[in-house]
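Dear colleague,

Please find below the structure that I am handing over to you. My notes on it follow.

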Amino acid sequence: MAYRPLATTSLLIFFFCFSAFSTTSNSSTASIILPSDSQKVSLGLYYESLCPYSANFIINYLVKLFETDLISVVDLNLVPWGNAKIRGNDTFDCQHGPYECLLNTVEACAIHIWPELSEHFPFINCVETLVYERKYPQWESCFDKLGLDPKPITDCYSSGYGKELELQYAAETDALEPPHKYVPWVVVDGEPLYEDYENFISYICNAYKGVALPKACSKLNIIQGEKTNPTHPVCFGTIILALAARIKSAITSWTRQMNTVVSI
């Protein structure tokens with residue numbers, strides 16, 4: 001799906017209008033029933049910053065929550081860890097290399113520093129847009145685009161606190177039942193959607209038990225019964241890492257054989 005260049009601007013306009021509406025509605029004589037926290041549907045996204053399919057899901061699918069009234073019934077939790085692996089001494093490797101570890105940590109810092117969804121999601125959306133466009137080395141431009149102070153993120157990362165946040169996300173990801181197999185790994189009310197993740201809105205609508213069904217749900221065919229089995233693209237972790245380990249082992253074995261031949 002083609003990227004919409006005004007996505008970041010549209011998000012900012014949405015969040016501004018949503019805040020203004022909430023303020024106005026408090027003084028309005030009309031009674032608007034909003035879902036309580038207990039009625040909201042939990043939506044978890046377990047992802048890694050440089051997986052192109054994670055980026056695609058965030059900027060072209062997840063963003064739809066903010067373009068409709070669905071965001072009012074959803075409790076969204078973003079977990080930037082994905083297929084990373086912990087090594088000794090609380091260090092870790094990321095599937096797409098050190099730059100992914102950097103951006104995972106930056107996004108973890110953003111979630112911590114700006115805990116409100118209306119604050120951290122536009123930043124993450126901006127960064128992932130650059131990933132999608134293969135311009136992710138320009139991620140710091142998101143501070144200027146969104147009018148954000150970069151110092152809190154820089155301090156979080158350089159102090160090592162971002163690393164602590166990532167290790168917390170690692171524990172949260174490892175605790176998933178059933179365990180995640182790839183990213184993006186999307187979970188609605190504790191149930192993974194597997195490769196049907198692009199249809200997450202249908203699952204949200206099906207899970208919502210509030211009084212007033214969101215307008216966005218009335219336009220969908222709500223999923224009933226068994227999940228479908230589409231082939232939406234994902235970034236596998238264990239298979240790739242295992243393959244890399246086998247390649248490394250093969251290279252090491254070949255090097256030893258060559259050294260043995262030379263010594264003879």
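The side chains of Asp 93 and Arg 87 form a salt bridge, with 3.0 Å from N to O; the term stands for a side-chain nitrogen of Lys or Arg within 4 Å of a carboxyl oxygen of Asp or Glu. Asp 93 is partly exposed because its relative accessibility is 38%, and Arg 87 is partly exposed at 47% (buried is under 20% relative accessible area, exposed over 50%, and partly exposed in between, with a 1.4 Å probe and protein chains only).

Please note that this is a predicted model, in which local features need pLDDT of at least 70 and side-chain atom pairs count only at pLDDT 80 or more, whereas totals for chains, interfaces and linings use all residues. Residues are numbered from 1 along each chain as its sequence is written, and side-chain values use heavy atoms, leaving out hydrogens and water.

The structure has two salt bridges. Besides the pair described above, Asp 155 and Lys 151 are joined through their side chains at 2.6 Å, N to O. Both residues belong to helix 7 (residues 151-158), where they are four residues apart, about one turn of the helix. Asp 155 counts as partly exposed, at 34% relative accessibility.

The chain has 264 residues, of which 44% are buried.

Yours sincerely

Methods. Helix = DSSP H or I, 4+ residues; strand = E, 2+ residues; numbered from the N terminus.
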